[in-house]
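The following note sets out, point by point, what may be read from the model shown below.

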Amino acid sequence: MLKTPDTRDRLLDAAETVVAARGVSALSLDAVAAEAGVSKGGLLHHFRSKEALLAGLVERMAAEMRAIFDAVVAAQPPGPGRHTRGVIAWALHSAPERAERDLRIAAALLSAHAHDPKLIDPIRIEHARIRAQVEDDGLPPGHAHVVMAAADGLFLAKVFGLWTPTPEQAAAMERVMRALAGP
């Protein structure tokens, strides 16, 4: 039996959909309520303001980011560079079905940042947690930071539609990043 998303999740999904489909400027409580098929009062029961809705979106993104990264790292062999290899796998081997989700997340994150830069603090905290793990990965200074910067750059290039590496380019980048991450 499939679990139906609760109203709070439906509202967060609707907010992501509004931003991804119509842009940040279209995000309003009325638009989200309509997209979710609930009354504005129903929305206000869960999120008292647009800021609360955006905060809920960012908190959910940070939890999702943590879960995905931790699962990717757990799949890596133990030893020095494990977290850094996780960053590489996360950047270059995301499941194809993640592409649309990643873009929705990015759109929602941009919307939250545009509303109030402090709203993305949960993402900053999660990014700092990941960065601390790669910094303590047993690699020479700078190696993990270069890999992380490359991964962040690839994500932003995808979000803004700047560039998608060809399979050959991705394979070449992976070889270079893996050389930095150790065996």
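This is a predicted model: local features need pLDDT of at least 70, side-chain atom pairs count only at pLDDT 80 or more; totals for chains, interfaces and linings use all residues.

1. Leucine 119. Leucine 119 has a relative accessible area of 11% and is therefore buried, the cut-off being under 20%. This residue is placed in the loop that joins α6 and α7. Which residues does leucine 119 contact, leaving aside its neighbours within four places in sequence? They are Glu51, Leu54, Ala55, Val58 and Ala112. Between leucine 119 and arginine 10 there are 109 residues in sequence, and the C-alpha to C-alpha separation in space is 20 Å.

2. The protein chain contains 9 helices and 0 strands, giving the pattern α-α-α-α-α-α-α-α-α along the sequence. The C-alpha trace spans about 55 × 40 × 30 Å along its principal axes. The chain has 183 residues, and 38% of them count as buried. Among contacts in the chain with a separation of 6 or more, 66% are accounted for by residues 24 or more positions apart.

3. The largest nonpolar core. In soluble globular proteins, nonpolar side chains tend to be buried together. Here the largest nonpolar core has 46 residues, and those touching the most other members are Val32, Leu43 and Met61. At least two residues of this core come from each of α1 (7–22), α2 (29–36), α4, α5, α6, α7, α8 and α9. Helix α4 gives the largest share, 9 residues.

4. Valine 32. Which residues surround valine 32, once its neighbours within four places in sequence are left aside? Valine 32 is in contact with Leu11, Ala14, Ala15, Val18, Leu27, Leu43 and Leu53. Of these contacts, Leu43 is itself named with Val32 and Met61 as touching the most other members of the core.

5. Helix α5. Helix α5 covers residues 82–92, and its buried residues are Thr84, Arg85, Gly86, Val87, Ile88, Ala89 and Leu92. The cover over these residues includes α4 (50–74), α7 (121–135), α8 (143–159) and α9 (167–181).

6. The largest pocket. The space in the largest pocket comes to about 1200 Å³. Its lining has 42 residues, and Asp102, Ala151, Phe155, Leu156 and Lys158 lie nearest the centre. By class, 29 of the lining residues are nonpolar, 6 are polar and 7 are charged. Helices α4, α5, α6 (98–115), α7, α8 and α9 each contribute at least two residues to the lining.

7. Side chains of opposite charge can pair when their charged atoms come close. In the whole structure, 10 salt bridges are found. One of them joins the side chains of aspartate 13 and arginine 60, with 2.8 Å from N to O. This pair links distant parts of the chain, since aspartate 13 belongs to helix α1 and arginine 60 to helix α4, 47 residues apart. Aspartate 13 is partly exposed, at a relative accessible area of 28%, whereas arginine 60 is buried, at 18%. Both belong to a network of salt bridges that links Asp9, Asp13, Glu16 and Arg60.

8. Glutamate 174 forms a salt bridge with arginine 178, in which the closest N and O atoms are 3.0 Å apart. Both residues lie in helix α9, 4 residues apart, about one turn of the helix. An α-helix has 3.6 residues a turn, so residues three or four places apart point the same way. In this pair glutamate 174 counts as buried, with 15% relative accessibility, while arginine 178 is partly exposed, with a relative accessible area of 29%.

Note on methods: Residues are numbered from 1 along each chain as its sequence is written. Side-chain values use heavy atoms; hydrogens and water are left out. Buried means under 20% relative accessible area, exposed over 50%, partly exposed in between (1.4 Å probe, protein chains only). Contact means heavy atoms within 4.5 Å. On a 1 Å grid over the protein atoms alone, a cavity is a set of points where a 1.4 Å probe fits but cannot get out, and a pocket is an open set with protein on both sides within 12 Å along at least five of seven lines; lining residues have an atom within 4 Å of a point. Grid points are joined across faces, edges and corners, and a volume is the space filled by probe spheres set on the points. Ala, Val, Leu, Ile, Met, Phe, Trp, Tyr, Cys and Pro count as nonpolar, Asp, Glu, Lys and Arg as charged, and the others, Gly among them, as polar. A nonpolar core is a set of buried Ala, Val, Leu, Ile, Met, Phe, Trp, Tyr and Cys residues joined through side-chain atoms within 4.5 Å. A salt bridge is a side-chain nitrogen of Lys or Arg within 4 Å of a carboxyl oxygen of Asp or Glu.
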